[in-house]
Amino acid sequence: MGKTVVRAFDLCKVFQVGGEKVEVLRNLELDVGEGELAVVSGSSGSGKTTLLNIVGGIDRPTSGKIYVFDNDLTEKDEDWLADFRCSNVGFVFQAYNLIFTLTVAENIAFPMEWLRKPADETEKRVEDLLRDMKLESRANHFPSQLSGGEQQRVAFARALANDPPLLLIDEPTGNLDAKTSQNTIRLIQRLADNGKTMVLATHDERIFKISDKRLSLEDGKLVKLDG
Amino acid sequence: MGEVFFPVHDLLRRRLQTGLVVAGLTLCVASTVFLLLFCARLGLGISSIAEGRLTTGFMIVLRQLLVFAGALVIIAGVATISFMVFFMMSQRVKDVGLMKAIGCPNGLIFGYLINELAIVVIVSCVLGTILGIAADFASTSLLTGAGFESTWKLADAWPALLVAVIFLVVALVLGAKPILDATKVECVKAMSPNYYIELTSGSRFRATSRSSLVARIAMRSLSRRKAATIRVLACLTTVFVLLTVTVAGGVIASQTTNDWIEKAMGRNVLVIGHHEMLDQCRFLYSKFYEAKGDRSFNYTDEKYSMPENLSNRLGNISGVTNTEERLVTQAHVAEVRSYVIDPETLATIPVGDSHERDSLIIGVEPDKVLGQWFVDGRFLDENDSFDATVGDSLAQAIFSRPLDQSMSFSNGTYDIVGVCIEPINNGFVAYVPLKVLRRVSSIPMPNMLVVRIDPSADEAVVVNKIRSELASENEAFDVLELDEILEKSVAFVGHLWSAIMLLPLFSLISASLCMTAYVMLAVTEQKQEFGVLRALGTRPSAIVRLVSLQNLVVLLSSYGVGVALGIMTTLMILVPDPIVTSLTVAEICGWLLAASASIFIMSLYPAMKAARASILQCIT
């Protein structure tokens, strides 16, 4: 394992639901090394998505520290976090969260265009990703015209567009049929083989098998499970 | 679940959206009710201020602008309401599909949603009417406090009920349309995002810059809400027409009417005559800006006659550029019936009746006359004999088609060749050739001399020279400087226009609220998209830029069309022969730019709010 990419110390997250406080993460500790595929499992509502959101800098912990690439995300402002996400983190949301006003190709290109990558480089990369994800014929369609599996592939392609050093993937097979799930797992396997650092939240046993580190969220804490 | 309970429950569940629509509709109804009441009050106020003053020509321009502004206020209100309800109900199309999918019959779905619409619209109309009446009461109290004569009575607020009823009906009819359309669509289609996200095919991908990317998303979001965008454009365009008519109309009308007075009275003009005649002259001019009755004056008294050759002697004084002799008298003028030929049927049609009234009669030398009146028809020329140009008030008071008629006084009949705007005697005046008037009135000599001074000359020196010349002739003769009276007349007209110019202020508030409501609804709809953009690395400021760009496109499109239509309406319909100088254009542009800037600034609030919301809040 190379250097540590994600480090969390004493991480707590409390949500206010109605008049009640719900403690989702409780003094959580986490280490993910460079090129590692860390898989987080846990029951629904155990805080897997919350953990990914905090690691990706789109949510803040109630207390504790989270370091990603040695940057203390709890100390940074919104603008810094936005730039950080764009350059360093690729997200694949459970609900895909594609931009409905942009076509498939435009969705994939968005992170590169936002980082002001040269136009020819962007177009070439989008073309490659469309081919990799078997989406060439869907390039100029809008997300509302795609199936769930296709939308997920667009979400993967978009997350990979900038070739970010960290990939956060939330329930990648949760909404898919067996065949599409298998394709997704193969894609994750390929990324892992290429040394991509990934933190993945899932219930899927098949993904556990290809993981480097298997963690389970129980009572707000991460428990390391044997491979 | 009952047909009333479900909609109430559903509306409460969507608190934010319901709150926004109710707030938007309430403010729209309130501002329309207020504007209408205020417009009527302003109109009545102007009528009472102008009672016994102002010539009829001025009153027509004032009344036209007020009536037009009042009509536009209602149209703008209807356009706003239609936009809001359409926007609210078009967002429920997916729900219609879902309800149909679980087996709800069309009639029941329509019943649920129309009840929702009715609840929102009735609550908003009631609240808006109360708020509008309260705002009118408050503004009347403020006006009274500022010294204006204005009384507030609840009974005067009846137009508010009319507005509420019109808006209620319009809102129900227009809001029901998207629901009715959706109930006719197959449930699969109604549930599909393609039905309400009006984007179906994109063009070939080309990488673009960051700013173009923002523009791309902004423009797509606008076209995705095509129906709502068109409606808000219509609504804002109407508001901008209203704004332009009141601003441009006010500014142009103010300058044009000032020009009418200035040209009719003339700058650097002195009136010379017997001091009693000059007093009478001052009185006649002051009737334009001070309500006064008539007073008897014997114009035929010989002591008012100007000495022979005085005109030539004064004309020789250095600094005097023109002199003109006038004979002023009063007569009982009568309308003379005439006949015109209908160009289509060639039938002879009688025109006029037998109205009559007292009027000032002024004999002038047409080739030397110093005034330049705004005339419908023409002013007298040197070949005229028994012809007359009448003042606008006299023309309106006793003639039906003055340019096709004649008038009679002192046993003479005069063909009317023109109608002019003239402040003296409040427009109850008739100009006839001096030579004819001398003959028919048996007054041998003119009783007034009008002199123009070279603007570059020292006026005080010239006036002193004239006074010493007059003193050598007759101590009773003096000089009246018309500039002072002219200033008072112009100030009075300016005061009236400034009162009218209050209207754009309120229509501006109305437009700002409408735009803010649109942006708030649009932002609510785009909330998830903004969350995703930010999750992907877009800074909050970029979201503000994106929303601002959308606002700017909507605002500038409606601004362009609205201002163009407003200016055309003003120039072609509301103000005859308008005076448009570069200063006028600058003033109008300044006002309208300030107005659109304030609307834009107000619409930034929802944008800032959207940018500040947490990403998770937006995404989930």
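**View 1. Chain A as a whole, with its share of buried residues.** Buried residues make up 47% of the 227 residues in chain A, a residue being buried if 20 or more other C-beta atoms, placed from the backbone, lie within 10 Å of its own, exposed if 12 or fewer do, and partly exposed in between. This is a predicted model, in which local features need pLDDT of at least 70 and side-chain atom pairs count only at pLDDT 80 or more, while totals for chains, interfaces and linings use all residues. Residues are numbered from 1 along each chain as its sequence is written, and chains are lettered from A and ligands numbered from 1 in the order in which they are written. Chain A has seven helices and ten strands, where helices (H or I, at least four residues) and strands (E, at least two) are DSSP runs numbered from the N terminus. Among contacts in chain A between residues at least 6 apart in sequence, 70% join residues at least 24 apart, two residues being in contact if their C-beta atoms, placed from the backbone, lie within 7 Å.

**View 2. An open sheet of four strands in chain A.** The strands of this sheet follow the order 2-1-4-5 with antiparallel pairing, and two strands count as paired if DSSP finds at least two bridges between them. Strand 2 (20–33) and strand 5 (71–72) of chain A stand at the edges with a single partner strand each, so one side of each is left without a neighbour in the sheet. Strand 4 (residues 63–68) of chain A is joined to strand 5 of chain A by two bridges, and the two run antiparallel; Val68(A) has Asn71(A) in strand 5 of chain A as its bridge partner. Asn27(A) counts as partly exposed because it has 14 C-beta neighbours inside 10 Å.

**View 3. Helix 1 of chain A against the strands.** Helix 1 (residues 48–55) of chain A lies across strand 1 (4–17), strand 2 and strand 4 of chain A, and runs at about 125° to strand 1 of chain A; axes here are lines fitted to C-alpha atoms, for helices over the stretch in contact, and angles run from 0 to 180 degrees between N-to-C directions. The helix is mostly covered, with eight of its eight residues buried, including Lys48(A), Leu51(A), Leu52(A) and Ile54(A). After helix 1 of chain A comes Gly57(A), which has a positive phi, near 75°.

View 4. The axes of helix 3 (residues 104–114) and helix 5 (residues 148–160) of chain A come within 7 Å and cross at roughly 30°. That makes helix 3 of chain A roughly parallel to helix 5 of chain A, since angles under 35 degrees count as roughly parallel, over 145 as roughly antiparallel, 65 to 115 as roughly perpendicular and the rest as oblique. Val104(A), Asn107(A), Ile108(A), Phe110(A) and Pro111(A) of helix 3 of chain A make the contact with Val154(A), Ala157(A) and Arg158(A) of helix 5 of chain A. In the loop between strand 6 (89–92) and helix 3 of chain A is Tyr96(A), which has a positive phi of about 70° although it is not a glycine. Tyr96(A) is buried, with 21 other C-beta atoms within 10 Å.

**View 5. Strand 10 of chain B and its partners.** Strand 10 (residues 429–433) of chain B is mostly covered, five of its five residues being buried. Five bridges join strand 10 of chain B to strand 5 (residues 356–364) of chain B in a parallel arrangement, and in this pairing Ile362(B) stands opposite Tyr431(B). Strand 7 (residues 387–391) of chain B pairs with strand 10 of chain B in the antiparallel sense over two bridges, where Val390(B) has Ala430(B) as its bridge partner.

**View 6. Helix 10 and helix 19 of chain B.** Helix 10 (residues 226–265) and helix 19 (residues 582–612) of chain B pack at an angle of about 155°, with their axes 10 Å apart. The two helices are therefore roughly antiparallel to each other. Among the residues that meet are Leu243(B), Val247(B) and Val251(B) in helix 10 of chain B and Ile588(B), Trp591(B) and Leu592(B) in helix 19 of chain B.
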